[in-house]
Amino acid sequence: MKENNVNAEELQRQQQYISQLEDILYLRAGNKQPAAFVRTYGCQQNVADSEKLKGMLEQMGCALTEDKTEADIIIFNTCAVREHAEDRVFGNVGELKALKKKKPSLLIGLCGCMMEQQHIAERIHRSFPYVGLVFGTHVIHRFPELVYNAVTGGKRLIERGTDDGQIYEGLPLHRDGSFKGWLPIMYGCDNFCTYCIVPHVRGRERSRLPENIISEAREMVRAGYKDITLLGQNVNSYGKGLDTDISFAQLLKSVAEIEGDFRVRFMTSHPKDASKELIDVMASNDKICNHLHLPFQCGSDRVLKQMNRRYTREKYLEIADYAKSRIPDLSLTSDVIVGFPGETYEEFCETLDLIRRVKFTSLFTFIYSPRVGTPAAKFHDPVSHDEKAKWLGELLKVQEEIAAERCAGMVGNSYRVLVEEQAREGVLNARTANNIVVEINEAPGLIGTFRQVEITEARNWILRGKVRN
């Protein structure tokens with residue numbers, strides 16, 4: 001399968017909508033520059049999608065605002081991975097009713113993964129009549145057209161379930177950061193884990209052409225980006241379906257060979273096809289962060305099979321051991337689902353054992369959340385939520401002990417960090433290449449720069465350090 005880019009005709013068609021919207025939105029805003037508010041829920045891929053939406057909104061003449069009360073257009077880019085994220089969206093959309101009443105011309109739009117689910121779209125249509133635009137994950141390139149139809153058609157517009165299997169290049173982009181950036185390399189997922197809704201809402205795997213990715217990475221480096229994250233639901237599947245014979249490891253190597261002072265990281269890797277080639281490439285280039293996010297989800301082979309993860313506990317440990325042997329300062333992080341339907345306490349204890357063996361830097365942990373439309377939502381689930389919460393507490397205690405021990409072992413060592421943000425007055429947050437936060441007492445002028453820091457104190461998974469002159 002060859003990558004399909006937006007052709008010149010389609011780009012020109014969307015540009016025509018943008019040109020018309022500049023005047024229309026100006027008038028709707030009361031003969032002044034319209035303001036747009038975009039809120040993003042969920043993963044980094046959603047963040048990257050929102051950056052495209054913001055880029056197109058700017059071309060429509062909008063100023064971006066962080067205050068939704070000032071906005072003439074409000075867009076919520078939603079996440080469907082867990083029930084809690086969906087509940088937050090519904091609650092926050094409900095709060096917009098008063099704004100719409102106060103400003104009838106306000107356009108409220110919902111997009112993203114939630115909107116690709118039929119039952120969600122129906123609920124939005126039924127319960128939130130003031131939402132004027134609903135669209136899914138596959139039509140971002142048509143955003144100007146959708147906005148135009150929503151503001152001129154006089155009717156509510158819903159556009160979902162229209163995956164054409166293509167990748168669209170050449171869209172405008174407003175990056176949220178100036179030195180840290182996201183770089184999608186592929187879209188969709190073919191894994192169909194039984195608990196996961198992503199393949200159903202994001203579609204099948206589609207890889208961008210390597211030359212387009214490398215070109216965008218070069219542009220980011222020239223623009224001053226110091227930390228670039230390559231994004232995909234499963235980056236290890238990159239290249240599948242392209243005419244070009246290229247693996248993710250080869251792509252990563254090519255990006256790391258770009259001239260400039262920057263570092264590159266990636267997420268997410270699926271253990272079933274994490275290769276020794278990838279680990280070897282990571283070990284061979286100093287620009288590639290010594291951080292591997294490798295979700296194992298559960299330590300029980302029976303549960304892994306029920307999850308359709310397609311690897312075993314032994315396979316996961318083999319990958320982790322090889323990675324740690326090749327990259328001595330490697331930081332391993334992971335995702336864990338606690339209380340998958342049918343999981344017993346004894347099987348949960350296998351997860352605890354795996355955590356103790358691998359000694360992860362940190363874990364992203366979740367109590368199982370059923371997703372409508374996934375096989376696991378129909379599995380028998382006899383364990384109560386309260387019992388699962390107790391298991392989670394037990395897991396967190398184990399991980400806290402491991403993280404505290406690891407961080408304590410870093411005291412006295414020196415690391416190159418990227419200074420990222422102001423944490424509080426007089427304190428900045430910096431991040432090591434292996435993704436550990438270090439607090440430093442410095443002025444904000446250091447934000448966006450690399451510095452050498454000596455670790456002076458460890459507090460669980462947060463370190464304190466001193467900049468070396």
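I began with α9 and α10, which are roughly parallel to each other because angles under 35 degrees count as such (over 145 is roughly antiparallel, 65 to 115 roughly perpendicular and the rest oblique). Their axes come within 8 Å and cross at roughly 15°. Axes here are lines fitted to C-alpha atoms, for helices over the stretch in contact, and angles run from 0 to 180 degrees between N-to-C directions. Helices (H or I, at least four residues) and strands (E, at least two) are DSSP runs, numbered from the N terminus.

A word on what I am looking at: this is a predicted model, in which local features need pLDDT of at least 70 and side-chain atom pairs count only at pLDDT 80 or more, while totals for chains, interfaces and linings use all residues. Residues are numbered from 1 along each chain as its sequence is written, and side-chain values use heavy atoms, with hydrogens and water left out.

**Entry: α9 and α10, continued.** I noted that α9 passes α10 in a right-handed crossing; a crossing is right-handed if the near helix is turned clockwise from the far one by less than a right angle, and left-handed if anticlockwise. Next I listed the residues in contact (heavy atoms within 4.5 Å). From α9 I found F248, A249, Q250, L252 and K253, which meet E277, L278, V281 and M282 of α10. This contact holds 6 nonpolar, 1 polar and 2 charged residues. For these classes, Ala, Val, Leu, Ile, Met, Phe, Trp, Tyr, Cys and Pro count as nonpolar, Asp, Glu, Lys and Arg as charged, and the others, Gly among them, as polar.

**Entry: α8 on α9.** Which residues of α8 meet α9? I found P210, I213, I214 and A217 on the α8 side, against L251, S254 and V255 in α9. By class, the residues of this contact are 6 nonpolar, 1 polar and no charged. Helix α8 (residues 210-222) packs against helix α9 (residues 248-256) at an angle of about 30°, and the axes are 10 Å apart. That angle makes α8 roughly parallel to α9. Here too I wrote down a right-handed crossing.

**Entry: α10 on α12.** I then followed helix α10 (residues 276-284) to helix α12 (residues 313-326), where the packing angle is about 20° and the axes lie 9 Å apart. So α10 is roughly parallel to α12. Their crossing is right-handed. K276, I279, D280 and A283 of α10 make the contact with Y322, A323 and R326 of α12. I counted by class and have 4 nonpolar, no polar and 3 charged residues.

**Entry: the sheet of 6 strands.** In what order do the 6 strands of this open sheet lie? I read β2-β1-β3-β4-β5-β6, with parallel pairing. Two strands pair if DSSP finds at least two bridges between them. At the edges are β2 (63-64) and β6 (157-159), each of which pairs on one side only. Inside, strand β1 (residues 35-40) is joined to strand β3 (residues 73-78) by 5 bridges, and V38 stands opposite I75 in β3. Helix α2 packs on this sheet and touches β1, β2, β3, β4 (107-112) and β5 (133-135), its direction making about 175° with that of β1.

**Entry: the sheet of 3 strands.** This open sheet has the order β7-β10-β11, again with parallel pairing. Its edge strands are β7 (180-184) and β11 (263-267). Neighbouring strands are turned by 25° against each other on average, direction ignored. Strand β10 (residues 227-231) is joined to β11 by 5 bridges, with L230 partnered by F266.

**Entry: β15, β18 and β19.** Now for an antiparallel case: 5 bridges join strand β15 (residues 414-424) to strand β18 (residues 450-459). V417 has R451 in β18 as its bridge partner. Another 6 bridges join β18 to strand β19 (residues 462-467), also antiparallel, and A458 is partnered by L463 in β19.

**Entry: α6.** Last, I checked burial (buried is under 20% relative accessible area, exposed over 50%, partly exposed in between, with a 1.4 Å probe and protein chains only). In helix α6 (residues 143-152), 8 of the 10 residues are buried, so the helix is largely enclosed by the rest of the structure. Among them are F143, L146 and Y148. After α6 comes G154, with a positive phi near 75°.
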